[in-house]
Amino acid sequence: MALPLRYSFRNVLIRWRSTFATVLGIALVVFVFVLLQSLAAGIEKSSGNTGDPRNIMIVRKGSTAESASLISRENLREIQYFEEIARNDRGEPIISADVLVLVNLPRSDGSGEANVLLRGVSPRGVELRPQVRLVAGRWFTPGKREIVVSSRMANRFANFGIGQSFKAGTANFIVVGWLDGGGSAFDSECWMDADECRSVFERDLYSSFLVRPVDESAATKFLERIEADRRFKLKAEKEVEYYRKQTMTAAPIKWLGGFLAIMMSVGAVFAAMNTMYASIGARTREIGTLRVLGFRRRSVVLALLIEGALLALIGGIVGCGVAYLWNGYTTATMGFETFSEIVFEFTVTPRLMAEGLIFAVLVGLLGSFLPSVRASRLPVIAALKSV
Amino acid sequence: MSVPNIVTIRELSKEYRQGEINVTALNNVSLDIAQGEFLTLMGPSGSGKSTLLHIIAGIDRPTRGVCRVQDIDLTKLDESGLADWRNQNVGFVFQTFNLIPVLTAFENVELPLLLTRLNAKRRREQVNTALELVGLAERQKHLPRQLSGGQEQRVAIARALVTDPKLIVADEPTGNLDSNSAQEVLGILQMLSRQIGKTVIMVTHDPKAAAFGSRSIHLEKGELTN
Ligand SMILES: Nc1ncnc2c1ncn2[C@@H]1O[C@H](COP(=O)(O)OP(=O)(O)OP(=O)(O)O)[C@@H](O)[C@H]1O
Ligand SMILES: [Mg+2]
């Protein structure tokens, strides 16, 4: 039978002064690992969960992104009368022709400027995107130079407060509201009236259409119709499908996180090994005594491995705990498609925390393996005679 | 004599090789120890007392000769066999007490029982009995560092007898104690042999301690004298 768990546990706690540095080291490794992975998770989430499964998105054939797509007004005039498109209670077809413009705006901290994605949205555009909610102020009035900015960008850019105004292109815009995209790509956008946007930025063309078909079979027919009509040169696909393809890959960050964690964990393993050698070395006679009482080598090894794992687990819990403080914290990066600012949240998932803890335990086991085996190899009599 | 022998030692030798030189710790020792005896082992430093005790307790092996305890030839047991045998048949008392610092008195005494099939309730009963026997029932929850040296040694004795072994061996158990505590400890060992019928083998330098025993033998340069 094994030694009681409390033996391992109390040995970790009683030597907390000497193990403190090791616990801290392991905490740091786990912290870096969890934080970078949560960053990657946040980036992937920022565009991945955008879109309504009922909506269809139309862009120019050959354009990989909405912002690089151009669609003529004639196309809008024709398509809006397609009978596959649902109508609202006023009998208007539910289609939004949007214009996307990149504007360069000064940051609030004075550290320079960054690109912001400005969406000129037709009246139906807001209804088509129910996940976008107004959290402060009001929506823009069509025909006016009013703008609703993302609440998550509000403190990142100068003059984004409600009632404030800023210059973009040749015009001055007044901020009338804050929107919340619910963790979608719209969190990185500012919205205004589509026609006003086209006139201010002298755009004759639209960027994309967003359409709500009557039902599922109408959607299929609509997709086929756009695809089949050679005149349009347009590509139609489900909105969710479009955004899934836009999902930014966070592979480099994941890779960096893994690499850093592995490099740092080598150090942590040696720190744990050092701590365990010292702790076990001071207990040689105690280990000899346990063996005199009848405990086997493997019981001793097991108790010492558990001790190392517990030590590391404490570090892991600390690391995860500190990383969790960042959960939901909004930050931004530059999108690769539009070079505009993409806001996202650190997303510390339970899975990531579990991975961090498992990682810590592995470090602890690895670090205590050699010291434990060496201690158990010593003959009972030699262990007893040590001072 | 009708009392059976518990320990039978025949032509036992132990040599240590230290580089080129051979150190003879025990030389051709033959000895019988009867059940219920309180045997004291005396002799100058380096005469082989501890070595003999370790061999009888199954934590060291002789170079030559036979050591039988309760008709079991210890030289025939492998390492895990010896570990099990020690757990069930000997209680060991050290000069330096050797309690586990992170465990309470109760947990220390319970340790050997964790290797048996006894359930928690039976273990508790046996630990309580052992602690009562050494007069420390009230100190169960204390850690070793909260006990005096004499109390620590009494806990160690409780640990040695909790599995109810026939044989209790003690290597200078009073070596680190003041004379009052030493008297207590020796009294307990004597009581164990006289009233409960345990066989006690004790190494000591102190003739006054040896006086508690029922028989005394002397080692000199690895050989039994007188
Ligand atoms: N591991 C060892 N390697 C070499 N020699 C040893 C070893 N252990 C014991 N000896 C030698 O064996 C002899 C007997 O040692 P032992 O420890 O049995 O003596 P002792 O009678 O218990 O002495 P003390 O009263 O000082 O405890 C000594 O000469 C000692 O140096
Ligand atoms: Mg000795």
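The questions and answers below concern a predicted model with chains A and B.

This is a predicted model in which local features need pLDDT of at least 70 and side-chain atom pairs count only at pLDDT 80 or more, while totals for chains, interfaces and linings use all residues. Residues are numbered from 1 along each chain as its sequence is written, chains are lettered from A and ligands numbered from 1 in the order in which they are written, and side-chain values use heavy atoms, with hydrogens and water left out.

User: How many residues does the contact take from chain B and from chain A?
Analyst: Contact means heavy atoms within 4.5 Å. On that rule, the residues taken number 26 from chain B and 23 from chain A.

User: Which three residues supply more than any other three of the area that chain B buries against chain A?
Analyst: Buried area is the accessible area (1.4 Å probe) that two parts lose on being put together, summed over both. Chains B and A bury about 2,300 Å² between them, with 61% of it on carbon and sulfur atoms. Of the area that chain B buries against chain A, 24% is supplied by Val102(B), Leu114(B) and Leu115(B).

User: Which residues are linked in a network of salt bridges?
Analyst: A salt bridge is a side-chain nitrogen of Lys or Arg within 4 Å of a carboxyl oxygen of Asp or Glu. The rule finds six across the interface of chain B and chain A. In one salt bridge, Arg6(A) meets Glu107(B) at 3.0 Å, N to O. The network links Arg6(A), Arg10(A), Glu107(B), Glu110(B) and Arg123(B).

User: Which helix of chain B gives the most to the side that touches chain A?
Analyst: Helices (H or I, at least four residues) and strands (E, at least two) are DSSP runs, numbered from the N terminus. Between chain B and chain A, 13 residue pairs are in polar contact, both at pLDDT 80 or more; such a contact is a pair of N or O atoms within 3.5 Å, where within protein one must be able to donate a hydrogen and the other to accept it, and residues adjacent in sequence count only if both atoms are side-chain atoms. Helix 2 (79-89) and helix 3 (105-110) of chain B each supply at least two residues of the side that touches chain A. The helix that gives the most, with six residues, is helix 2 of chain B.

User: Which residue caps the N-terminal end of helix 6 of chain B?
Analyst: Gly197(B), with a positive phi near 80 degrees, follows helix 6 of chain B. At the N-terminal end, a side-chain oxygen lies 3.0 Å from the backbone nitrogen of Asn180(B), and the capping residue is Asp178(B).

User: Is Asp204(A) buried or exposed?
Analyst: Buried means under 20% relative accessible area, exposed over 50%, and partly exposed in between (1.4 Å probe, protein chains only). Asp204(A) forms a salt bridge with Arg73(A), the closest N and O atoms being 3.7 Å apart. The two are 131 residues apart, Arg73(A) in helix 3 (residues 73-79) of chain A and Asp204(A) in the loop between helix 5 (194-200) and strand 9 (208-211) of chain A. With a relative accessibility of 51%, Asp204(A) is exposed.

User: How many residues apart in sequence are the parts tied together by Asp32(B) and Arg10(B)?
Analyst: The side chains of Asp32(B) and Arg10(B) form a salt bridge at 3.2 Å, N to O. Asp32(B) lies in strand 2 (residues 21-34) and Arg10(B) in strand 1 (residues 5-18) of chain B, so the parts tied together are apart in sequence by 22 residues.

User: What is the relative accessible area of Arg64(B)?
Analyst: Arg64(B) and Glu15(B) meet in a salt bridge at 2.8 Å, N to O. Glu15(B) counts as partly exposed at 25% relative accessibility. Arg64(B) is also partly exposed, and its relative accessible area is 44%.

User: How many of the eight residues of helix 1 of chain B are buried?
Analyst: Among the buried residues of helix 1 of chain B are Leu52(B), Leu53(B), Ile55(B) and Ile56(B). Helix 1 (residues 49-56) of chain B is largely enclosed by the rest of the structure, because the buried residues number seven of the eight.
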